[in-house]
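Here is a short briefing to read with the model open beside you.

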Amino acid sequence: MVGIAPWWAVTGAIYGGITTGISFSFSIYSSQLKKEFGLLQSELDGINTIPSFLGLFSWISGRITYRVGCRRVLLIGSLVLSFITTLQWTIARGFVPIPSEFVAGAFTTLACGNYIGCVLVTSAAFPLPVQHFPQHRGMMLSLVKAFVGLATGVVVQIFYLYEGGEAVGINKVDILLVYAIIAFVVAFTSSYLAYDAPLRPSPDVADSAAVRARIRIIFSVIVISTLILALVSLTPMSFHMHRLFSLGLLAVFLVPALTPLRWPCLPQSPDAYDSHAVSLHSSHEVEKADLGVFETLRTLDCWLLLFVSTVLIGGGMMLSTNFAQIAEAISRCNGQDLAPRLVTLFSCSQSLARLAVGYFSDMVLNAGWGLPRPVMLVIACIMMGLGHICVYRSEATGDDSWVIAGTLLAAPAFGAIWPMMVILSSEFFGSRRLSENYMIFDGIAGAVAFNCISNLLASSVFAQAPKVTRGRCQGECHGVACFGIAHLVVVGLCILAACAATILSLRNRRLYIQIARLRSRSKPSARLEESWT
């Protein structure tokens, strides 16, 4: 294959992961489903909630990937997503008539199938950057995770552009067809590009100038794309101006597909790279262990990381899924403009945090500073707790500047945990079975966080809060009573999670001193080394 071979595998992972954005598109068309089919709110919640329970078993998809290989799993998972999403679209558009009493059950069943397709793609795509570039695992994983997070916003903007915007009566369920087409294309392109890293030991050339140059390019592309997306989302503009920015965003979005090629202006890779020289064992000395899924579940590190992941995901989801009600609680009948601003700020902030956390933690290790990577989780837990305190104060005072500050604190903490789960899984439990071990955290933590914190906790507190009984705000909840107790519970959980992340850092401090020694080009500071030993 022309170009730098492992980069093609990472390119396949980058674009293959885009299909997982289907799980975030439900909020776009759910209101139209409710209106068209007369669904109850409880039925609508079931369509979005019930599939998440399958996350408790998502490690099975990782085991399948380990046994079968990433190419086959990417192909199967993407085709499953394409087929089931197409069925959802045909039912939602009325092309396949279904009795009204079976509509909710049909959509729930199909949503479960979509979830299975997503976890298959996830288990195959996201371990690839770590396995092919072990010396840059933090940077590479952050690039892929940030790109996939950004892709959801790009797809939505292009969808609105294609449909002509709200003014022409957009049919929001058509976004299902968009994702079905994307998944079908991805099924063949990404599965062709992606391949498992070789297992035989070989020289490690992952620190080449060619790799570093391409990392900087994609880093810049994601930052620019995120800023353009924020501009398009927040700035009032004409339809033609919106089209111009969206097409520019799409053009920038396609740049990573060109980075594996040999460009004269970029450093060239050593020959060893083109012969697939990077191996899973080339940096085995900087990984703590090589464990299977059941061995991993018997370790303290696993449960500490699982608890921290659950708290950070739950705290972020509680805000992102309830911004409309939070805006009403703060603005007292005038939250229509606040909610979209909060959603956009949250989306852009968490996307940039996905990019930054692995990139800068790798820079610290490469410089010879043996700072344990879980320290980033300690900072994230503190930021999440402070974010919920700010939102609590905003609800109590009605000052929306506090909720903006809270969003800017909580969103980066939420974004940071997604790449960190993969990176830490590879460093604590090994890269060879990463597809299995990572899904413990992605699936189980996600399921518990969504159902227990984001859904059960928040909805229980909101249901008990007094509502406005008359006037144009009838049915709304105003003030700190709406979510106040839920915020305080999350703050308490963040304190416990920060303690768990601190223990995780101390338990693995020697591992990161060893990683820093092997990565650095000069001898690390003796003073820092002594402070950790």
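Leaving aside residues up to four places away in sequence, R433 touches R63, Y66, L291 and G292. Please keep in mind that this is a predicted model. The points below start with R433 and its setting, then move on to the rest of the protein.

**R433 and its loop**
- You will find R433 in the loop between α18 (400-429) and α19 (434-464).
- Is R433 buried or exposed? R433 counts as buried because its relative accessible area is 16%, and the cut-off for buried is under 20%.

**The protein as a whole**
- The secondary structure comes to 22 helices and zero strands.
- The protein has 533 residues, and 58% of them are buried.
- If you take the contacts with a separation of 6 or more, 84% are made by residues 24 or more positions apart.

**Helix α9**
- Helix α9 covers residues 174-193, which makes 20 residues.
- From its first C-alpha to its last, α9 reaches 29 Å, close to the 28 Å expected at 1.5 Å a residue.
- Where does α9 bend, and by how much? The bend is at V186 and comes to about 35 degrees.
- V186 is also one of the buried residues of α9. Others in that set include D174, I175, L176, Y179, A180 and A183.
- Further along, A187, S190, S191 and L193 are among the buried residues of α9 too.

**The second largest pocket**
- This pocket holds about 540 Å³ of space.
- Its lining consists of 20 residues, and V155, I158, V178, I182 and L250 lie nearest the centre.
- Which elements give two or more residues to this lining? They are α8 (137-163), α9 and α11 (239-253).
- α9 gives the most to the lining, with eight residues.
- Sorted by class, the pocket lining has 17 nonpolar, one polar and two charged residues.

**I224 in helix α10**
- I224 has its place in helix α10, which runs over residues 209-234.
- How accessible is I224? I224 counts as partly exposed because its relative accessibility is 44%, and that class lies between the 20% and 50% cut-offs.
- I224 and V252 are 28 residues apart in sequence, while their C-alpha atoms are 8.2 Å apart in space.

**Helix α16**
- α16 has 29 residues and spans 42 Å from first C-alpha to last. That is close to the 42 Å expected at 1.5 Å a residue.
- G368 follows α16 and has a positive phi, near 95 degrees.

**Cavities**
- Rolling a probe the size of a water molecule over the atoms shows where empty space is left.
- How many cavities of 30 Å³ or more does a search of the whole structure find? The search finds two.
- The second largest cavity contains about 40 Å³ of space.
- Its lining is made up of S361, V364, L365, L371, P372, R373 and M376.
- Helix α16 (residues 338-366) supplies the largest share of this lining, three residues.
- By class, the cavity lining has five nonpolar, one polar and one charged residues.

Key
Residues numbered from 1 in each chain as written. Predicted model: local features only at pLDDT ≥ 70, side-chain atom pairs only at ≥ 80, totals over all residues. Heavy atoms only, no water. 1 Å grid on protein atoms, 1.4 Å probe; cavity = no way out; pocket = protein on both sides within 12 Å on 5 of 7 lines; lining within 4 Å. Points joined across faces, edges and corners; volume = space filled by probe spheres on them. Helix = DSSP H or I, 4+ residues; strand = E, 2+ residues; numbered from the N terminus. Nonpolar A, V, L, I, M, F, W, Y, C, P; charged D, E, K, R; others polar. Expected span 1.5 Å × (residues − 1). Bend = angle between axes of the 7 residues up to and from the residue. Buried < 20%, exposed > 50% of the residue type's maximum accessible area, 1.4 Å probe, protein only. Contact = heavy atoms within 4.5 Å.
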